[in-house]
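Please examine the structure below with care.

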Amino acid sequence: MDDVEIPEYFICPISLQIMRDPVTAITGITYDRESIENWLFKGSNTCPVTKQPLPNDSELTPNHTLRRLIQSWCTENASNGVVRIPTPKAPLTKSHVVKLVKELWVPQSQLKTLRRLELLAMENARNRRYLAEAGAVKSMFSFLEACFNKQQTVGLEEALSILYHIRVNPTSETRLQLIESDEIMETFTWILRCKLNDHSSIKSHALLVLKVMVKTASSHQLERLKPGFFSSVVGVLREGISHQGINAALQILLDTCPWGRNRMSMIEAGAIHEIIEIELGMPEKRTTELILGILFHLCSCADGRSQFLSHCGAIAVVSSRILRISIAADDRAVLILALISKHCGTCAVVLQEMMGVRAISKLCMVLQADCAHYLKEKAKDILRSHYDFWKNSPCFTSSSLSRIQLI
């Protein structure tokens, strides 16, 4: 196969692979159906080749002549290891999807219909667009609310998978109406607490959907979230879920942190302990940035600082991330240490621990590193405020830093 020269016009401009189902866009360029549909589904509205406008709902005309040429060429080169591409089945029609969505409310075939819809959502971008246009998102939310009211878990996995795969535009009118419903938030709180067999997959999908809902929710609704909502999110972090699910849960906590009532609910749910434990596992960069962002918000109140300091590894893990992860992580980590030293600076045990876990060394390194000016000033403020306690620290004597240099 590697030695066979493939005609250039058999290659999809997007995937750079032989086209299996060539279709021609209104711009006159031919692409493989799956590639161009994915391109459009992700929000691109221009032709990848010509850069001309290409609406998401524009017609894609099957290029049967080119497909037959490709199949004929594959047959002729079979001896060279080329596999003949099959004739693609007729694409799903919008009317068929609409009919399926309506069948969701037929009790006898409800689970069967959900599984068919899930397969369609997983298959390709065109199906997902049709499902969105047919009102599948609203139907799935209504189904989940019905499950919550009946306290039944059958069908939860499929419905959440459909919502996850569709990934409807979060600014759509339908989604906004659903987000403003208190019952949908209570429904997701219940889902996250449910004892389920495949809990990791189901709850990861639930958190990924919930993340988009929180991003789109109004300030009025976010400040009215109940303590149970936060205890359920923290509870899932405690249980252990997929990496994608963990980041979704952390993003939810970070996006709801600006309201004091929410911060207290997170603290009472034990969020600080759980996310420090995750950070001690050396997660990826984005996870660390989310964790440090949450810790900064929670350490802005006394109860949060108290819970932070009650964890024996808290100061150490935050200090160790300085100058190792990213500019955003440096910002949050230094500001967390600033909050701790400012409000707990009269406690010798805390100041001693900061010196023992090399937090002071890291702050001295910030002064000498290529960091933003405001960050250097913040590190200098911390060191200056407790200079008398830390002046005998090796980082001061070895770097020749003095009180004068900190002024």
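Predicted model: local features only at pLDDT ≥ 70, side-chain atom pairs only at ≥ 80, totals over all residues.

Cys-257 has a relative accessibility of 0%, and therefore counts as buried. The structure holds 0 disulfides. Cys-257 accordingly takes part in none, and the cysteine sulfur nearest to it, that of Cys-301, is 9.5 Å away. A disulfide requires two cysteine sulfur atoms within 2.5 Å. Cys-47 is likewise in no disulfide; its nearest cysteine sulfur belongs to Cys-12, at a distance of 11 Å. Cys-47 is also buried, with a relative accessible area of 0%.

The aromatic rings come next. A pair of aromatic rings is described by two quantities, the distance of the centres and the angle of the planes. In this structure, the count comes to 5 aromatic pairs. One of them joins Tyr-9 and Phe-10: their ring centres are 4.9 Å apart and their planes meet at 80°, so the pair is edge-to-face. The angle that decides this class is one over 60 degrees.

What class of pair do Phe-148 and Trp-190 form? Their ring centres are 5.9 Å apart and their planes stand at 50°, so this pair is tilted. Phe-148 belongs to helix α6 (residues 136-150) and Trp-190 to helix α9 (residues 182-193), so the pair ties together parts that are 42 residues apart in sequence. Phe-148 counts as buried because its relative accessibility is 18%, and the limit for buried residues is under 20%. Trp-190 counts as buried too, with a value of 13%.

Arg-332 lies over the face of Phe-296, at 4.3 Å from the ring centre.

The last topic is empty space. Rolling a probe the size of a water molecule over the atoms shows where such space is left. A search of the whole structure finds 1 cavity of 30 Å³ or more, and the largest cavity has a volume of about 30 Å³. Which residues line the largest cavity? The lining consists of Glu-37, Leu-40, Phe-41, Asn-56, Ala-125 and Arg-129. Two elements, α1 (33-41) and α5 (125-133), each give two or more residues to this lining. The largest share, 3 residues, comes from α1.

Notes:
Residues numbered from 1 in each chain as written. Heavy atoms only, no water. Phe/Tyr/Trp six-rings, centres within 6.5 Å; stacked < 30°, edge-to-face > 60°. Helix = DSSP H or I, 4+ residues; strand = E, 2+ residues; numbered from the N terminus. Buried < 20%, exposed > 50% of the residue type's maximum accessible area, 1.4 Å probe, protein only. Lys NZ or Arg CZ within 6 Å of the ring centre and 35° of its normal. 1 Å grid on protein atoms, 1.4 Å probe; cavity = no way out; pocket = protein on both sides within 12 Å on 5 of 7 lines; lining within 4 Å. Points joined across faces, edges and corners; volume = space filled by probe spheres on them.
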